[in-house]
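Q: I would like a close look at one part of this protein. Please keep it brisk.

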Amino acid sequence: FNEVVVRDVSLRAPDGSPVLSADKVGAGLSMHRLLRDRRLVFTYAEIMGLDGHITQQKKGGPLNIQFLIDAFKPKDRRKPPTKFDLVINNIVLRKCRVTFDRMWMPRKKGRVIDFNHLVVSDIAADLRFPVLRNEDFDIDLRRLAFTEASGLKIDKISGKFHISPDRLSVAGLDVEMPGSSIQLSDINLEIDGFKNIGKQLLSRPLRLVVPTISVTPGDFAAFLPALARYRQRVLLSADLLLDSGNLSVESLNVDSEPGMHLRMRGMVNGITGPREDISVMFPLLDLKITSAAVHSVLDDFVTLKPDVEAVIRRCGDISVNASVEASGATVGFDGDLEVAQGATHIEAVYHKQSARHFIKARINTPGFELGQLLDKADVGRLATNADIDLEIQGRDVDGSANIEISQLGYKGYNYTGIIADVIKTGHSVSGEIHASDPNLDFDISGSGALAGAASRLDISADIRTLNMSPFKLPHR
């Protein structure tokens, strides 16, 4: 006698509601090891056709399986738990299904994962427990596969796991999905018992190295439905270090079809604290997107005004090489943006304070085909330096702008030497424009108030040269 098989198993909660049923439950015991070593060694355990239901009727209330949890609790908490030392050589699960429902929570609409209402089916697993003691577990997970009602499908999870009071480890972790293959480096964490395990894990250095893996974003549409159309392959690699709530991104590389390449290096501080205390510093952000990738994103993921979309499509290949910083409600950008029409250097800081938005930027381009970008045949090349300092609240915009134009093409003629300064505070506005081009030589200054019907504007001008022929105005 070394095997037990039970068929058509069912279990109900004390109120009579179904908890689980199974077509077949079986287990085998090595009598030889029991008699020789006085140790329980199960040669196999199998569960076929399991159908389990876990529910919670109200917030903070017990689960319907609480009676099972209570059955395994020690009757006398003052006594140490009963010692056990088992080996289970092979556990097989096939055609299993488990549901979980918080009955007091509404269901999410659409095919999106709902952690308050889970339906996990087609569960198949092969695993073994070479060590199974009170506080010492070795788990050899050879395969775990399942499908969730949201469409999330896991073809295989495998790996070796160790849990003991002094160490947690994961080795050979492999996750296979319909279009993704994910492998992670081994993880080893030294701990001091299981008390306050969460705080311990956050305070221990953890390095995670992701070799080049292949991911299809559409596999994760259950978490973000917009990804459902993204079936292109993405190659990803990373070297990350989490230490004391700070994440060091030693490297992050993403390459995606039909043509997106991202390289990042930097630091995210305070990720375990309040959201407002999180800060980001990425001295390297190198992004290249081909025209084909831009069109793919616009076609599948983004809905914009037609004129805005047309401008983006005309950009062609896009390249960004920058450093980025963010802290609280402040974001800083310092880098180069290059598109088919030319390159621009941008230094900008954005800050939000309540309903007010502050933007301070310096923009420089040695030569940019503005007319090509805007699809304006009369407009040509633009070379400019601009300093902008704005405060925006609703529709009100205050601030200043200083713009130096060293080249502006219009109807085949390149204007040079144009400088404009504008200041707006409340309803008051003032400014100056200076031009020193052979066909456009003047100084204009003005001030006034923008107040609807009561608006006024006082202008003084010193016009030395104003040759209109380059404008090619029509004759009447």
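Which residue forms a salt bridge with Glu369, and how far apart are the closest N and O atoms?

A: Glu369 pairs with Arg381; their closest N and O atoms are 2.7 Å apart. A salt bridge here is a side-chain nitrogen of Lys or Arg within 4 Å of a carboxyl oxygen of Asp or Glu. The model is predicted: local features need pLDDT of at least 70, side-chain atom pairs count only at pLDDT 80 or more, and totals for chains, interfaces and linings use all residues. Residues are numbered from 1 along each chain as its sequence is written, and side-chain values use heavy atoms, with hydrogens and water left out.

The Glu369–Arg381 pair links distant parts of the chain. Glu369 sits in strand 20 (residues 356-369) and Arg381 in strand 21 (residues 379-393), 12 residues apart. Strands (E, at least two residues) are DSSP runs, numbered from the N terminus. Glu369 counts as partly exposed because its relative accessibility is 22%. Arg381 is partly exposed too, at 32%. Buried means under 20% relative accessible area, exposed over 50%, and partly exposed in between (1.4 Å probe, protein chains only).

Now the other salt bridges. The structure holds 23. Among them, Arg142 pairs with Asp140, with 3.8 Å between the closest N and O atoms. Arg142 is partly exposed at 41% relative accessibility, whereas Asp140 is buried at 13%. Asp155 and Lys153 also meet through their side chains, at 3.7 Å, N to O. Asp155 is partly exposed at 31%, and Lys153 is partly exposed at 37%. Salt bridges also link Asp441, Asp443, Asp462 and Arg464 in a network.

Definitions and conventions. Helices (H or I, at least four residues) and strands (E, at least two) are DSSP runs, numbered from the N terminus.
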